[in-house]
Structures are given as structure tokens and as C-alpha cells.
Amino acid sequence: MGLDLSVEIGGLKFKNPVILASGCAGYGLEFEDFFDISLAGGVSLKGLSVKGSGGTHPPRIWETPAGLINAIGLQNIGIDAFIRDKAPRLRKIDTVFIANFYGHRIEEYTEAGVMLDQEECVDALEMNISCPNISEGGIQFGVNPPLVYKVVSACRKAIKKPLWVKLSPSSDIRETAKAAVEGGADALTVINTIPAMAVDVEKIEFRIHNRVGGLSGPAIHPIAVRMVNDACQTVKAPVIGCGGVEKAEDGIEFMLLGATAFQVGTALFRNPLAPVEIIEGLEKYLERHGFSSMNEIIGKLHNGNDKPRSCS
Amino acid sequence: MKKTLLRVRESRQFGDYGLFRLEGEFEPSMPGQFYMLKGDWGYTPLLARPISIMTEDRHTVSFLVKIVGEGSRKLTEVNAGDSMTAVGPLGNHFPFEEVKKGDNVLMIGGGVGVPPLYYLSEKLVEREILPVFCQGARSRNDILLLEELRALSVEPLISTEDGSSGTKGLITDIAKERIGKADFVFACGPKGMLVAVSKLVDGKTRAYFSLEERMACGFGICLGCACGIKHDDGETRYDRVCVEGPIFEAGKIVWD
């Protein structure tokens, strides 16, 4: 009793550190049949773009050992339709809504960001920078630190609400974390899915029509843990861990290394009640270890600890 | 729909198939709907499997699964007393309410497309509508629910690719002439079969197909199970087989 699960990210208060990850939580409303989503700390909504996207041709998903490759093509209804059809219901739900958004040019990012910034139900914005930049010959924004700085600072100038940046694992996470924070990011989500591929050797064809997809699920968790650690060691801005969280302990790993909160993604597909179970697991963990708040565990593994020993 | 823990009441395997009956608290379903099913097997496989309902009564819901990979194999290996996580019932259903007494109804089921059509037959027979049931299979060992269909007084017309039972050939060989006379066609089976059937359906017959697609969630959030569907506004869009489907009007499906 008396456990305090709340955390704060850049001035925004969260009931608990459990945030539903973008792309795995729809527009937030799809979970209403399963649980009261106001129980979640926050919900990062399906990535939106100004005009929306029809998505890629199927097949779009392929399951791998403890993982899932997907290439949905950022299918979304577009920001106007979101504000018209979804936002009115979200305005009545008491949790933090983070609007994930993307573009293929810097101007598309800022335009999308400004539209979402003005919507009442949006508490913070999360930039997906793992998109090809059409103006720069298709190179991903997220893998090139100067480009990260450029697109983040352009959005920062245009947007008033807290701005999060979801980093690509295909980058040197220290460099892109630095670039995003220098560009004005209030928080970093670490990491997006890992580019992956699978082949059907019997049919001799790609498992996914788009060929390349993003790998998620428990398989990527240890990679995410390492990258969260590196980001936390590099920048002072709050980090939100993301990648393969299935149970409370997976999120706690991120937090012990310095993350302020964490996101739950692929776990929602196999278990739509995962957020509720994870929140219960967090309470049990605090009790088990005699902590009274989540804040006590943030970065605990690094507090007062030296570097790993070696024999040289 | 909801997430619930059901208990295996009975389970049996035959050949490449497994049939299991689950009991517990669940919401009533309609024919054509499915569940996302998963046993207590950790991260391998990671995802639940979408399985169409074969039949249900007040206390149990039954499924017939063909073993095609690790997930389906594990599903069929459950024993009485084991528990299974079930999310559902999911998706839309065959519009059986629109069928009137006296209508000529044709079912076309290939392989594991048969169980949901069996469930649909039960609902129609309850209303004294006797469908014509065509069943296509690779060989006699792949013919499903024959006794159960007969118990409904539905005598299936069989085709097998190897000629080991019924007419030798494809299901379209036995269904072809009947499609033109039907008021309703309900089909479920492999994509190749559905494409072939769609070519035989004209505008006068109301034809509904149940589609199968890889799914991660089953309730509309992953957008993994997309299928191109022609909409009334003339546009083709990717619909979700799990929410807008799995049953679609045959003429609206974009095959490729």
C-alpha cells in the first residue's frame, strides 16, 4: 500500500511508467473491450501523417523465434480524420496521449507536428524518424545525426507541446541521442524496430512483400536494453525504453539503467491485457524490494557503481 | 469479444488434424467468427493463432485445426484439463440471417475451410434451410466432419484430387453447375480455390467468402492481416481481415 507508481517526463505526469507503444495500440480505442485504458500511464497512438497512408501490400507480417517482423507501411487514416473521428473520444479519457507522427520531408514533419500540437487530446508528440527522406535520396532521417538534428530542431521550433523522438536502432544511438537532444527533444524513445528480413526457402520468395520489415518482440529486448543504457549514459533528457517488454521485469530493466518509463508493444498483440498485468507486476516488484516509488529505481544500477572490472 | 482462459474438455488428433473442445465462460458467437488461441507455451510461438469456430453450445466451443506448423501443432497437442488463452469471438460472420426458407444455399469448403461452414450449416438447419455442401480435399483422409454433416441431414458432395473418394478433381468440378442456381454461396478454403470459385460466380448470386491471412493480434491493431477490398465509393482500400472480415462479399475482394 501507498506505492507511488507515478513518473514525470519533461513536466508531464504519468500515473505509472507503462505506455502503450505506437503501432501496437491503434488509436487507443481498440482496447476498450479489454480494459479501461485510463489505467495505463500513457498511450502512444498509431503513427500519423498529414495525408495518411494506405499501407503496404500483404503479406505484411512474419513470426520469428520470440519475434515478429512487420512491414505495415505506416498505414494510417491521416491527421484530419484522426482529429475528426478519434480525438473527440480520446479527449474524455484520463491518460496521457502521445501522438506519434512522421513525414518524408522536413516540411511534412513540421506540418504534421503543428496540426497535432493544436489538438486538445494530444499531450505530447513523438517523432518517428525511421523514415526515408525523399529530399535526401531516401536515406533514413534517423541514421544520420546531422539530419536528426535538422528535422528535430525544425519540429521543435514549430511545436509547443513536449516533443519526444523515437530513435532508430540502425544508428549509433549515442550520436543520434545527442543530436536529437541538441535539436530540442524533451525525451527520447529508445528503440524503434530493428530492420530485418526472412525468406521462404521452399517457395523461394520473401516472407514479407516489402522484403524488409521491422523486428520486434522479446527477441530484440536485450538489444534495446543496451541502447537504452547507452542513451541514458549520454544525454540528460528522459529516456523511454522500448523493445520486447512482455512483463514488468523487462520494463524494470530499462528503468534500473536510467529510463524514466517504458513502452509495451508487441506484447499487446498476444496479450491485450499485458498493461494491466505489468502494472500489477511493478507493484509487486516495489513491495518485494522495499521501494515505495518507481522514481527510486530509475538509474539505480548506475548510482555509485563503477565501470565493469577487467584484469588488465 | 474478450480475453478469457478456457479449459480443454477433450482433445483428439487424427492424421494431420486435431479437434478440441474448450469449456469456460465465453460470449456467444456467430458462424464465421474466430478466436485467437494460445496455450501456455511462452515465447515459442510468440503469437496466438486465429482459428475459426467449428461449433459451440452453451458450455463449450469447438475447433478443428490442421497441423501446418509449430503453432497449430502445439494447439492440437493439448490435453483435457490444460488451459488455453482465448481472445474472441472475433470478426464478422456469415450473413445467415439474410437467407430465407426456400433459398438455394451452396457451401463450398476446401480443407480446413470446412469447420466454419459446418457451423453455418448448423445454424441454417435450425431454421429448416438445408444447404448443398460441396467439400474438396486432397485425399480421403482430408475429408472433414462427414458424420457430423450427415447428422444434420446434409449429405456432402465430395471431390478429391487423387480420386480416393467422391469425384476425382477439384471442388470447382462439382460446384460449377450448382453455383449458377444458388441464391447464396458461402465459401471457405485455400486462396486458389476461392479465386477459382469467384470466377464462376455471377452478379445474381450473393457470394460470401471467408478469408485467411496471417494475424498478429486478431482485434484490429496490428494491421498485419490486410486485404485489398473494393469499397462502394469506388476506391480500393486495405481492410483488416480480422475486423472488417473475415467474411467479405466475393465481388469486392481484390485477388493478386
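**Chain B and a strand of chain A**

Tutor: Buried residues, meaning those under 20% relative accessible area with a 1.4 Å probe and protein chains only, make up 54% of the 256 residues in chain B. The model is predicted, with local features requiring pLDDT of at least 70, side-chain atom pairs counting only at pLDDT 80 or more, and totals for chains, interfaces and linings using all residues. Residues are numbered from 1 along each chain as its sequence is written, chains are lettered from A and ligands numbered from 1 in the order in which they are written, and side-chain values use heavy atoms, without hydrogens and water.

Chain B contains 5 helices and 16 strands, which are DSSP runs (helices H or I, at least four residues; strands E, at least two) numbered from the N terminus. The C-alpha trace of chain B spans about 50 × 45 × 35 Å along its principal axes. Of the contacts in chain B with a separation of 6 or more, 63% are between residues 24 or more positions apart; a contact means heavy atoms within 4.5 Å.

The part for a close look is in chain A. Strand β9 (residues 163-166) of chain A directs L163(A) and V165(A) one way and W164(A) and K166(A) the other way, and all are buried. Strand β8 (residues 124-128) of chain A pairs with β9(A) in the parallel sense over 4 bridges, pairing being assigned if DSSP finds at least two bridges between two strands. Within β9(A), W164(A) is the bridge partner of E126(A).

How values were computed: Buried means under 20% relative accessible area, exposed over 50%, partly exposed in between (1.4 Å probe, protein chains only).
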